[in-house]
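Hello,

Here is the structure I promised to pass on. Please open it and read my notes alongside.

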Amino acid sequence: MNHNGSPKTRVLVVDDDKTLLNMYKERLEASGYQVITAVNGEIALSKAVETLPHIILLDIMMPKENGFDVLNIVKSTPETKNIPVIILTALTQENHKQKGIADGADDYIIKSEVMPKQVVQKIEKVISEHRKKIEEMAK
């Protein structure tokens with residue numbers, strides 16, 4: 001997906017479960033992404049502004065700032081407000097999903113319902129849709 005010589009697509013993966021975090025890091029790096037990780041919402045927010053990732057994969061239930069807080073701050077910060085966010089969570093309730101989408105998430109994925117390969121495919125889909133939007137705005 002990368003053009004010759006272009007920098008890799010940066011993905012910020014945020015999850016307090018280090019096993020899951022490392023699994024997604026390995027899977028995404030194997031698919032050609034540059035992966036930045038954060039184990040809580042506080043770290044995620046500073047890394048989002050510092051590295052300006054192309055997309056954020058965000059857990060909800062975390063210590064310090066939860067994923068909804070992080071999403072709200074990302075979407076209300078000028079430097080990060082246009083970064084697409086995919087929520088990847090164990091929360092299955094429909095009201096959580098509605099809140100995530102209403103708060104600006106591009107997708108809401110329930111961990112127990114997807115394989116890592118499908119998550120990578122969703123990331124690719126959201127990034128390509130986002131790129132099209134940017135190209136349209138540039139015309």
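A crossing of two helices is left-handed if the near helix is turned anticlockwise from the far one by less than a right angle, and right-handed if clockwise. Helices (H or I, at least four residues) and strands (E, at least two) are DSSP runs, numbered from the N terminus.

First, the ground rules. This is a predicted model: local features need pLDDT of at least 70, side-chain atom pairs count only at pLDDT 80 or more, and totals for chains, interfaces and linings use all residues. Residues are numbered from 1 along each chain as its sequence is written, and side-chain values use heavy atoms, with hydrogens and water left out.

Now the helices. H1 (residues 18–30) and H5 (residues 116–138) have axes that come within 10 Å and cross at roughly 60 degrees. Axes are lines fitted to C-alpha atoms, for helices over the stretch in contact, and angles run from 0 to 180 degrees between N-to-C directions. The crossing of H1 and H5 is right-handed. On the H1 side, the contact (heavy atoms within 4.5 Å) is made by Met23, Tyr24, Arg27 and Leu28. H5 brings Pro116, Lys117, Val119, Val120 and Ile123.

Next, the sheet. It is open, with 5 strands in the order E2-E1-E3-E4-E5 and parallel pairing. Strands pair if DSSP finds at least two bridges between them. E2 (34–38) and E5 (107–110) are at the edges with a single partner strand each, so one side of each has no neighbour in the sheet. The twist averages 20 degrees from one strand to the next. E4 (residues 85–89) and E5 pair over 4 bridges. Threonine 89 has isoleucine 110 in E5 as its bridge partner.

Best wishes
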